[in-house]
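Good morning, and thank you for coming. I would like to present one structure today, beginning with the chain as a whole and then moving to its helices and individual residues.

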Amino acid sequence: MVTALYAVILAGLLISLAWQVIKQRRAELIKYADGGVEALVLARSAHGNAVDYIPITLILMALAEYNGVHVGFIHLAGIAFVIGRVLHAKAILSDTLKHRITGMKLTFFVMAALMVLNLIALPYSTLLG
């Protein structure tokens, strides 16, 4: 299953972003929330945003793969999504806007494309019994 490759890569990204949160908490001795520390606010934002978008996109990707969408489209979606998520995370952590916008555009484009691909590939005959 091709989706597993992207799940592994994106899990690595989530771990990396979680580590940024942990690093900031240790440096500032903050146990909960963000303590008003800007670097921790940014780290939590980058991690939280990734947690918001990665699971549903991986589900859509796995369903597209299961529904028989050509593996090339799955790879294209996976690569574009990983690039979008990395750009977005790096932009948040560095508090810049340019790549953050590009990252979200890629994220939304991939999600929308996977939605359409799933609707096209969905085996409608099995839905009706």
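Of the 129 residues in this chain, 36% count as buried, where buried means under 20% relative accessible area, exposed over 50%, and partly exposed in between, for a 1.4 Å probe and protein chains only. Please keep in mind that this is a predicted model, in which local features need pLDDT of at least 70, side-chain atom pairs count only at pLDDT 80 or more, and totals for chains, interfaces and linings use all residues. Residues are numbered from 1 along each chain as its sequence is written, and side-chain values use heavy atoms, with hydrogens and water left out.

Let me start with the overall layout. The chain has 5 helices and 0 strands, and its pattern along the sequence is α-α-α-α-α. Helices here are DSSP runs of H or I with at least four residues, strands are runs of E with at least two, and both are numbered from the N terminus. The C-alpha trace spans about 55 × 30 × 25 Å along its principal axes. Among contacts with a separation of 6 or more, 67% join residues 24 or more positions apart; contact means heavy atoms within 4.5 Å.

I turn now to a pair of helices. Two packed helices are described by the angle between their axes and the distance between the axes. How do the axes of α2 and α3 cross? Helix α2, residues 38–66, and helix α3, residues 71–93, have axes that come within 9 Å and cross at roughly 175 degrees. The axes are lines fitted to C-alpha atoms, for helices over the stretch in contact, and the angles run from 0 to 180 degrees between N-to-C directions. The two helices are therefore roughly antiparallel to each other. On this scale, angles under 35 degrees count as roughly parallel, over 145 as roughly antiparallel, 65 to 115 as roughly perpendicular, and the rest as oblique.

On the α2 side, the residues making this contact include L42, A46, N49, Y53 and I54. On the α3 side, they include I74, F81, R85, H88 and I92. The contact residues divide into 14 nonpolar, 5 polar and 2 charged. In this division, Ala, Val, Leu, Ile, Met, Phe, Trp, Tyr, Cys and Pro count as nonpolar, Asp, Glu, Lys and Arg as charged, and the others, Gly among them, as polar.

Let us look at α3 by itself. At 1.5 Å a residue, its 23 residues should span 33 Å, and its end C-alpha atoms are 33 Å apart, which agrees; the expected span is 1.5 Å times one less than the number of residues. The buried residues of α3 include G78, F81, H88 and I92, and what covers the buried residues of this helix includes α1, α2 and α4. After α3 comes D95, whose phi is positive, near 55 degrees.

H88 counts as buried because its relative accessibility is 2%. Beyond its neighbours within four places in sequence, H88 is in contact with N49, H99, R100, G103 and M104. I92 is likewise buried, at 2% relative accessibility. Not counting residues up to four places away, I92 touches L42, S45, A46 and R100.

L42 lies in helix α2 and is buried, with a relative accessible area of 15%. With residues up to four places away set aside, L42 touches I92, L93 and D95.

Next is helix α4, residues 98–121. Its 24 residues should span 34 Å, and its end C-alpha atoms are 35 Å apart, which agrees. The buried residues of α4 are G103, M104, T107, V110, M111, L114 and N118, and they pack against α2 and α3.

Which residues touch the most other members of the largest nonpolar core? They are L10, I54 and L114, in a core of 26 residues. A nonpolar core is a set of buried Ala, Val, Leu, Ile, Met, Phe, Trp, Tyr and Cys residues joined through side-chain atoms within 4.5 Å. Helices α1 (2–28), α2, α3 and α4 each supply at least two residues of this core, and α2 gives the largest share, 9 residues. A second, separate core of 5 residues includes I30, V37, L40 and A43.

Finally, neighbours within four places aside, L114 is in contact with T57, L60, M61, A64 and A77. Thank you for your attention.
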